[in-house]
Amino acid sequence: MRITRVLGAAALMFGLAATPAAADSSPSPSASTDSEAPTTAGTSFRTATEIEQGQTATADGSAGDYLYWSFPADAGQRPTVRATVKLPEAHAAETWQVDVYDGLRRRQACQYGAQTRTAAAGAGSVELACVLRTVRAWSEPWANDPLPGTYYVRLTVVDLTTGDLGLPVRAELRADSKDVGGAAAVDGSLAEPLVPGIAVTSADDEDGSSASAVLSSIEPDDGWSSGWWSDRWVWTALGGALAALAGVGGYALTRGAGRPSRVPPGA
Amino acid sequence: MITSKRLAAGVCALLAALTAGVAFPAAALAGEPTGEATPQVDLVLDVSGSMRTRDIDGGTRMAAAKQAFNEVLDATPEDVELGIRTLGANYPGDDQKTGCKDTAQLYPVGPLDRTEAKTAVATLSPTGWTPIGPALLKAADDFDGDGSKRIVLISDGEDTCAPLDPCEVAREIAAKGIGLTIDTLGLVPNAKMRQQLSCIAEATGGTYTSVEHTDELTDRVNQLVDRAADPVVTPVATEGAASCAKAPTLKSGLYTDREEFGQQRWYRVDVEPGKELRASVSVGADRAVNPSYGVLLRAVTVRGREIVRGEAAGDGRTDAVSTGLRYPKAERENEDEAAAESVCLQVTNSFSAASGVKTTPGLPLELTVDVVDGPSQASDVASFGLGRGWWLLGALILAGFVAGLLWGWLSRWRVAVWRTN
């Protein structure tokens, strides 16, 4: 009967152990809400169009424009930005580039993805991608690790002939992210996400005056994560429980089955 | 799991809101939008003789422009004040001096009467010169108020009023700091015109578009008018000093300044203990600059020790190069320490230009300052020092097992000792 109980407890523990593993592989919870996706793009950091993760934003522009969007990214996410530019029918070779900046306007490196690509003369479209590093909850001020907050995307042509300047192009942009989970859960956290103008915005909220324009009013669908939860709690608790079980097991081993054989009955 | 996450996020947001309330007294902060300012757009239309050319969808360029204007006037949002200015509409003669003064306000920038504006547009017929520079100068005076301002210049030829370079005119207008953007549209453009119009647009952070069809013209002008209607934070003009001692003190907000090639700009921000300073800076390339460039933002103590820096460098075509930094100031350890530290921000750029390019006014500089609550420092690499992974489980199980064994042996030994005694 004791054996059954122990086995039952162990089975329960292993059930729990499967949970963090499953959480790792779950895709980003961002649902596609294309119905209200923006159809414009900004022309500077200040005027960047805000999009949500999972939305496909479109914009009509001219070759030579600097198109800006911004999206929120939270701790534990690894964002991927994908851009497609539809080019006019006739054009010479031109090189397009997508750059991602964080809320402090620091350029963020792409781990992989074609950040810059040259479209051959007459090519119909060019596709760009940038996979950022995993956003962490905290980093030292001297590092430029990605932190939770606003991310700016700048899409532009970096090399073109004068003849192609100003020709109409159509851009599509989408930001998704992979949930990296507890593996990226670091200690420490920012008091406020890296959202530009947040000091002014929170002061306004306190006043009760609603400003018509803010630098960035970006926020994920379910708010910024508080940063205390990670699956490390499950792993650690599970480890503790298993250690306790192993301890009981080890102890039982030294006692043998039942009373020691050397002890005479009725001692 | 998700519920608890949300609950925790809510509690934290509440806490953050409360602390932010304590942190920021109800004082007017710089960069705060006025809210009431009406966006203004001035459409500047070229009515020079060349607009008679029949090469847009089988009609004249003028007909295309008129049709586009009618549609734009219908689609203009209510909260945008729209005006129309013409260039080369009245003087048909050959005298350049007179021809280059030929710019007139067809419809003043203000609340829009669609019928009246349309009637005014209908009277236009292609006539004279193409005085783009003078027209831009006059158009800049058409605005009043402190809302966003936008000039949409539609032209089919390059400026005919040398030596006044419209590109430099645009840069000077932008340097006035009235927050004016010039967007340009070229009708059936040639190479030289493309360069000139895109130069005008670049100088003010605007866009340039080539137009070959009427619907393209309508769509683009509509898009630009709509863009003007989007509320945008208006930056506050400031002037950085050459050294920290003379630098202006900034609060949280958005600022603009001008910085010449190789110039240093210093600003100061007061940071209280337990607060975090966030600063980002963009230096714009509003003229032809050499391909390699950079910008450096340093946070320095008043005594000249560097705290942290942000640096960015780039290569090739760009509108701006930006960087930023964070400086969390530690909590006060004893009461004797000064209340707030004055942090100096130094901005330098390594832009350069070919010898013919004018160096004044300086490059546009945009500075964002946010002073927020400090972060909670990390005491461990992992979140709360918690562990994760199969190695952790293995190590804990092993440790537990060994502890159990030892405990078992120990108690057996004690029993044996007790029995022998």
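**Chatting through the model**

Author: Let's start where the chains touch: 78 residues of chain A and 91 residues of chain B take part in the contact. Keep in mind that this is a predicted model.

Reader: Which elements give two or more residues to the side of chain A that touches chain B?
Author: Those are strand E2 (56-62), strand E9 (149-159), helix H2 (198-207) and helix H3 (232-255) of chain A.

Reader: And which of them gives the most to that side of chain A?
Author: That would be H3(A), with 19 residues.

Reader: How do the residues on that side of chain A divide by class?
Author: There are 38 nonpolar, 25 polar and 15 charged residues on the side of chain A that touches chain B.

Reader: Great. Switching to chain B, what domains is it divided into?
Author: Domain 1 covers 40-229 and domain 2 covers 235-373 of chain B. Their C-alpha centres are 36 Å apart, and each domain of chain B puts nine residues into the contact between them.

Reader: On the domain 1 side, which helices supply at least two residues each?
Author: H6 and helix H7 (191-203) of chain B do. H6(B) has the largest share of that side, at five residues. By class, the side of domain 1 of chain B that touches domain 2 has three nonpolar, two polar and four charged residues.

Reader: What does UniProt say about residues 40-224 of chain B?
Author: An unreviewed UniProt entry carries the annotation "domain: VWFA" for residues 40-224 of chain B. In the model, that span is 39% helix and 22% strand, with its end C-alpha atoms 11 Å apart.

Reader: Let's look at helix packing. How do H5(B) and H6(B) cross?
Author: Helix H5 (residues 132-141) and helix H6 (residues 166-175) of chain B have axes that come within 8 Å and cross at roughly 15 degrees. That makes the two helices, H5(B) and H6(B), roughly parallel. Their crossing is right-handed.

Reader: Which residues meet there?
Author: From H5(B) you have B:Ile132, B:Gly133, B:Leu136, B:Leu137 and B:Ala140, and they meet B:Pro166, B:Val169, B:Ala170 and B:Ile173 of H6(B). By class, this contact of H5(B) with H6(B) has eight nonpolar residues, one polar and no charged ones.

Reader: How about H2(B) and H4(B), at what angle do they pack?
Author: Helix H2 (residues 61-75) and helix H4 (residues 114-122) of chain B pack at an angle of about 175 degrees, and their axes are 10 Å apart. H2(B) and H4(B) are therefore roughly antiparallel to each other.

Reader: What classes of residue make up the contact of H2(B) with H4(B)?
Author: Five nonpolar, one polar and four charged. Among the residues that meet are B:Lys66, B:Phe69 and B:Asp74 in H2(B), and B:Arg114, B:Lys118 and B:Val121 in H4(B).

Reader: New topic, backbone details. Is the peptide bond from B:Thr360 to B:Pro361 cis or trans?
Author: That peptide bond is cis, with omega near -10 degrees. B:Pro361 sits in the loop between strand E15 (341-349) and strand E16 (363-373) of chain B.

Reader: And what is phi at B:Asp57?
Author: Phi of B:Asp57 is near 50 degrees, a positive value in a residue other than glycine. You'll find B:Asp57 in the loop between strand E1 (40-46) and H2 of chain B.

Reader: Last one: where does UniProt list a "transmembrane region" in chain B?
Author: The unreviewed entry gives residues 389-410 of chain B. In the model that span is 95% helix and 0% strand, and its end C-alpha atoms lie 32 Å apart.

Technical notes. Residues are numbered from 1 along each chain as its sequence is written. Chains are lettered from A and ligands numbered from 1 in the order in which they are written. This is a predicted model: local features need pLDDT of at least 70, side-chain atom pairs count only at pLDDT 80 or more; totals for chains, interfaces and linings use all residues. UniProt positions are given in the numbering used here, feature names are shortened, and annotations may be inferred rather than shown by experiment. Helices (H or I, at least four residues) and strands (E, at least two) are DSSP runs, numbered from the N terminus. Axes are lines fitted to C-alpha atoms, for helices over the stretch in contact, and angles run from 0 to 180 degrees between N-to-C directions. Angles under 35 degrees count as roughly parallel, over 145 as roughly antiparallel, 65 to 115 as roughly perpendicular and the rest as oblique. A crossing is left-handed if the near helix is turned anticlockwise from the far one by less than a right angle, and right-handed if clockwise. Two residues are in contact if their C-beta atoms, placed from the backbone, lie within 7 Å. Ala, Val, Leu, Ile, Met, Phe, Trp, Tyr, Cys and Pro count as nonpolar, Asp, Glu, Lys and Arg as charged, and the others, Gly among them, as polar. Domain bounds come from an automatic or database domain assignment.
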